[in-house]
Amino acid sequence: MHPMLNIAVRAARAAGNLIARNIGQQGQFSVEEKKKDDLVTDIDRECERTVISVLQRSYRDHAFLGEESGLTGNAESEFQWVIDPIDGTTNFVQGIGHCAVSIALKRAGKTEVAVVFDPMMNEMFTAARGEGASLNGRRIRVASRTSLEGALICTAFPVRYRERMGAYLELFSNLIDHCADIRRTGCASLDLCYVACGRFDGYLEQGLKAWDFAAGELIVREAGGLVTDYTGTPGYVKSGNILCGNPNVVRALLNVCNPQELPAILR
């Protein structure tokens, strides 16, 4: 295993233990609304401190970008760890066992290693650039479906960007006409990993932040998938509008999401 990946796995497990001990224990931790429909808890912050602490023991000179603490460490470093301590906080608060720790390492802007850990299922998704992707140490690949016919697609409604909802509902209606069924899980990092291991045939969502997808998108790519924005470019890095699957599914999803027909989805 890549040495930096090994440390990231250790950090993810440490945070995952905190999640497993506290999930659904409302009343045992505080819950705040950062903005409408965007929750944070004491456990999010404790998990983030735990991850950074484990990483800093080995990499004191690196930078750290956490969802809760922002940019810390050596801002001039070419190495930056991107951390979502609990992806799926609403699930965590409600006691729904579908959330994850997401950790990615970028070097000079390129993602080198990635870890997404689901502590409730004890599933550790990992990848290192150029070395493939794994689930609990076993190699994974995206599904081989050749079209959207029969496909299971994951998505999410833009509840934090409700001004986009009308356009997205039109897209949703178009999408469901072309595939077998749709899922919405509330955890972007695991959605990406489920594409990587073939559980979902494709996934698309709007308005994600770097910590939501930094690890998952490398895992998808190392599992043989493609990751683009809604126009087929890498613009998701800035826009947060992400779409992925195997090359055939991505091509089909891009046709469904054609901005020339649905220009409002890019707003």
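Analyst: Some terms come before the description. Contact means heavy atoms within 4.5 Å. Axes are lines fitted to C-alpha atoms, for helices over the stretch in contact, and angles run from 0 to 180 degrees between N-to-C directions. Helices (H or I, at least four residues) and strands (E, at least two) are DSSP runs, numbered from the N terminus.

The model is predicted: local features need pLDDT of at least 70, side-chain atom pairs count only at pLDDT 80 or more, and totals for chains, interfaces and linings use all residues. Residues are numbered from 1 along each chain as its sequence is written, and side-chain values use heavy atoms, with hydrogens and water left out.

The sheet is open and has eight strands in the order S4-S3-S5-S6-S7-S8-S9-S10, with mixed pairing; two strands pair if DSSP finds at least two bridges between them. Its edges are strand S4 (70–73) and strand S10 (138–139), each of which pairs on one side only. S4 is joined to strand S3 (residues 63–66) by four bridges in the antiparallel sense. Gly66 has Gly70 of S4 as its bridge partner.

Helix H1 (residues 3–22) packs on this sheet and touches strand S5 (79–87), strand S6 (100–107), strand S7 (110–118) and strand S8 (123–128). The direction of H1 makes about 30° with that of S7. Helix H6 (residues 210–222) runs at about 100° to S7, and H6 lies across S3, S5, S6, S7, S8 and strand S9 (133–135).

Next come the nonpolar cores. A nonpolar core is a set of buried Ala, Val, Leu, Ile, Met, Phe, Trp, Tyr and Cys residues joined through side-chain atoms within 4.5 Å. Buried means under 20% relative accessible area, exposed over 50%, partly exposed in between (1.4 Å probe, protein chains only). The largest core has 36 residues, and those with the most contacts inside it are Val116, Phe125, Ile140, Tyr203, Ile219 and Ile242. At least two residues of this core come from each of S6, S7, S8, S9, helix H5 (188–196), H6 and strand S15 (242–245). Leaving aside neighbours within four places in sequence, Ile242 is in contact with residues including Leu192, Tyr203, Phe213 and Tyr236. Another core, of 35 residues, lies apart from the largest one; Ile43, Val54, Tyr59 and Cys99 are among its members.

His98 lies between helix H3 (89–94) and S6, and is buried, with a relative accessible area of 13%. Beyond its neighbours within four places in sequence, His98 is in contact with Asn91, Thr185, Cys187, Leu190 and Tyr194.
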